[in-house]
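Here is a short report on a folded chain.

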Amino acid sequence: MPMLSRKTYGGGNHKWLASTHGTGNAPTGTLDIAAFTAGTHYPDGYIPSGTPVDASDLAAVAPYTAPAAGEPALNLGFVLGDVEVVGDEAMPAAILRHGSIVTDFVPGTFTAPDFAPGFTFE
């Protein structure tokens, strides 16, 4: 007999969003969980809403790496809602590709780039 379990799903903490602009048309990407580090990116078993990601390839979304000084952050995106991590299984996630971001509430250590087309930072 299969074991029953209970899971609670929610959108996550959206304090990092300065507005809802861009949330309605966020494309679905696939998080390449093997590229993320458990203790750094998902210490609680999920990638939190607002995590900055490299969305240059929506089929293999990876952690964001800041560009060289003076270079634009062309591949920047943000995970729109919490995403549970199950082993190394690739997971679908809505990726915000433009909008207004409150940098103080972005999970982890994040410094707003000097120029990221489509984004404004507060």
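Thr 51 sits in the loop between β2 (46-47) and β3 (52-54); strands here are DSSP runs (E, at least two residues), numbered from the N terminus. The model is predicted, so local features need pLDDT of at least 70 and side-chain atom pairs count only at pLDDT 80 or more, while totals for chains, interfaces and linings use all residues. Residues are numbered from 1 along each chain as its sequence is written, and side-chain values use heavy atoms, with hydrogens and water left out.

Thr 51 has a relative accessibility of 6% and counts as buried. Buried means under 20% relative accessible area, exposed over 50%, and partly exposed in between (1.4 Å probe, protein chains only). A polar atom of the Thr 51 side chain lies 2.7 Å from the backbone oxygen of Pro 48. Leaving aside neighbours within four places in sequence, Thr 51 is in contact (heavy atoms within 4.5 Å) with Gly 77, Phe 78, Val 79 and Pro 107.

**Aromatic rings**

A pair of aromatic rings is described by the distance of the centres and the angle of the planes. Rings of Phe, Tyr and Trp (its six-membered ring) pair if their centres lie within 6.5 Å; planes under 30 degrees apart count as stacked, over 60 as edge-to-face and the rest as tilted. By this rule there are six aromatic pairs. Two of them are set out here.

| Pair | Centres | Planes | Class |
|---|---|---|---|
| Tyr 64 and Phe 110 | 6.0 Å | 55° | tilted |
| Phe 119 and Phe 121 | 6.1 Å | 25° | stacked |

The pair of Tyr 64 and Phe 110 links distant parts of the chain, 46 residues apart. Tyr 64 is in the loop between β4 (62-63) and β5 (76-79), and Phe 110 is in the loop between β8 and β9 (119-121). Tyr 64 is buried at 17%. Phe 110 is also buried, at 13%. Phe 119 is buried at 9%, whereas Phe 121 is partly exposed at 24%. Ring pairs join Trp 16, Tyr 64, Phe 78, Phe 110, Phe 119 and Phe 121 into a cluster.

Ser 100 belongs to strand β8 (residues 99-101). Is Ser 100 buried or exposed? Ser 100 is buried, because its relative accessible area is 17%. The side chains of Ser 100 and Thr 120 make a polar contact of 2.9 Å. Such a contact is a pair of N or O atoms within 3.5 Å; within protein, one must be able to donate a hydrogen and the other to accept it, and residues adjacent in sequence count only if both atoms are side-chain atoms. Not counting residues up to four places away in sequence, Ser 100 touches Trp 16, Leu 17, Ala 18, Ser 19 and Thr 120.

Ala 116 lies in the loop between β8 and β9. Its relative accessible area is 6%, so Ala 116 is buried. Beyond its neighbours within four places in sequence, Ala 116 is in contact with Ala 73, Leu 76 and Phe 121.

**An exposed glycine**

Gly 87 is in the loop between β6 (83-84) and β7 (91-96). Gly 87 is exposed, with a relative accessible area of 53%.

Note on methods
Helices (H or I, at least four residues) and strands (E, at least two) are DSSP runs, numbered from the N terminus.
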